[in-house]
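Look at the protein shown below and keep it in view while reading.

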Amino acid sequence: MPPQPGTPYLVVERVGKMFGDFVALEDVSLTIDAGEFVSFVGPSGCGKTTLLRAIAGLDPATSGRIIQAGKDITGLPTTQRDFGIVFQSYALFPNMTVEENIGYGLRGPLWPAARRKQRVAELIGLIGLGEHAKKYPAQMSGGQQQRVALARALASEPGLLLLDEPLSALDAIVRLHLRSEIRALQRRLGVTTIMVTHDQEEALSVSDRLVVMSKGRIEQIGTPEEIYRAPRTAFVANFIGRSSAFDAVVQPGGLVDAKGVRLEAASARTMTQGTAVRVLIRPEDVDVAAGVHGPQALVASIEYLGPVCRLSLDLGSLALTADIPSDRVHRDGLAEGSSVPVGIPPERVMVFPADG
């Protein structure tokens, strides 16, 4: 019987991984529920791919335990673990057709010819490549090849799907379309899924939860909204999304002082006066609309990005970024060199201890 959604399916307990003297993973623990889509994100070298490979048994953990569906798989070889995996490079067999690639792993007594043929046909239908079933990889686009790789990973009905940078080799438009397809397919099948990606927008858009990693450790686990709007550390706030960042000192009354510029910050109200802090502000939280009550800033530059314009602002000695709807830029007559009032809601000013 497959695990019920919402019940623990994969448990990683204090996992560590050493490569010689290098600590790639240190005391990593997390629980992933059945049917969840979880993304590992973080800068290059943070350990996200190493953690994925430890779960797959490709780079076995040096310490700790990994439990899948109640079974300790820490010491099991890759061939005895229940997962399907999709790599960045597709890794399709060039001399096999779409049908043959998808059905490659369906062998043995569990997959008699009739069942195998039915499963392959079902998956080809799921990925929408029915008219390409007899084609070879070289005859298809990168997006089509990645669909085949995904179908092959799902062919044996694995309990866990692992995606290692599955879309990074594709162009932007194809990536956008295919990530939506992957998420829709995952929801339809209900397969527990882990994706490694360096693309923050990709992770935010498809994941139930994100695992943000740095230097071999987990910085924070949470829903996309929690990670974006309630980061626990300056690292998470700075890594996920865009922000203006600067150093400041806590002042009385919930104020922070950055080089003579004072801003009200709700999260600073419980901090001790004189505490050195790191302040981050999202560009969409900076308002320059007419009627805003706040300090004056100079518009240093305006970058047109389609639906929004990105304003670079000089607020005294501080550099801020503001994202404003493009039509408002024209409506309000904003231009480089103009002076505008800046308003920032106190609850949107993120403040962290400087040493955090």
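What follows is a short briefing, grouped by topic.

This is a predicted model, in which local features need pLDDT of at least 70, side-chain atom pairs count only at pLDDT 80 or more, and totals for chains, interfaces and linings use all residues. Residues are numbered from 1 along each chain as its sequence is written, and side-chain values use heavy atoms, with hydrogens and water left out.

**Whole protein**

- The protein has nine helices and 19 strands; helices (H or I, at least four residues) and strands (E, at least two) are DSSP runs, numbered from the N terminus.
- Its C-alpha atoms fill a box of roughly 75 × 45 × 35 Å along the principal axes.
- Of the 356 residues, 48% count as buried, meaning under 20% relative accessible area with a 1.4 Å probe and protein chains only.
- Among contacts (heavy atoms within 4.5 Å) with a separation of 6 or more, 67% come from residues 24 or more positions apart.

**The sheet**

- Strands of a sheet pair through backbone hydrogen bonds, either parallel or antiparallel.
- Six strands form an open sheet in the order β6-β7-β8-β3-β9-β10, with mixed pairing; two strands pair if DSSP finds at least two bridges between them.
- β6 (84-86) and β10 (217-222) are at the edges and have a single partner strand each, so one side of each lacks a neighbour in the sheet.
- From one strand to the next, the twist averages 15 degrees.
- β3 (residues 37-41) and β8 (residues 192-196) run parallel and are joined by four bridges.
- Val38 has Ile194 in β8 as its bridge partner.

**Helices on the sheet**

- Helix α1 (residues 48-56) lies across β3, β7 (160-164), β8 and β9 (209-214), at about 145 degrees to β7. Axes are lines fitted to C-alpha atoms, for helices over the stretch in contact, and angles run from 0 to 180 degrees between N-to-C directions.
- Helix α4 (residues 142-154) also packs on the sheet, where α4 touches β6 and β7 and makes about 165 degrees with the direction of β6.

**The α4 and α5 pair**

- α4 packs with helix α5 (residues 172-189) at an angle of about 20 degrees, and their axes are 11 Å apart.
- α4 is therefore roughly parallel to α5, a term for angles under 35 degrees.
- Residues of α4 in this contact include Leu150 and Leu154, and those of α5 include Ile182 and Leu185.
- The contact residues are seven nonpolar, three polar and two charged. Ala, Val, Leu, Ile, Met, Phe, Trp, Tyr, Cys and Pro count as nonpolar, Asp, Glu, Lys and Arg as charged, and the others, Gly among them, as polar.

Technical notes: Parallel < 35°, antiparallel > 145°, perpendicular 65-115°, else oblique. Buried < 20%, exposed > 50% of the residue type's maximum accessible area, 1.4 Å probe, protein only.
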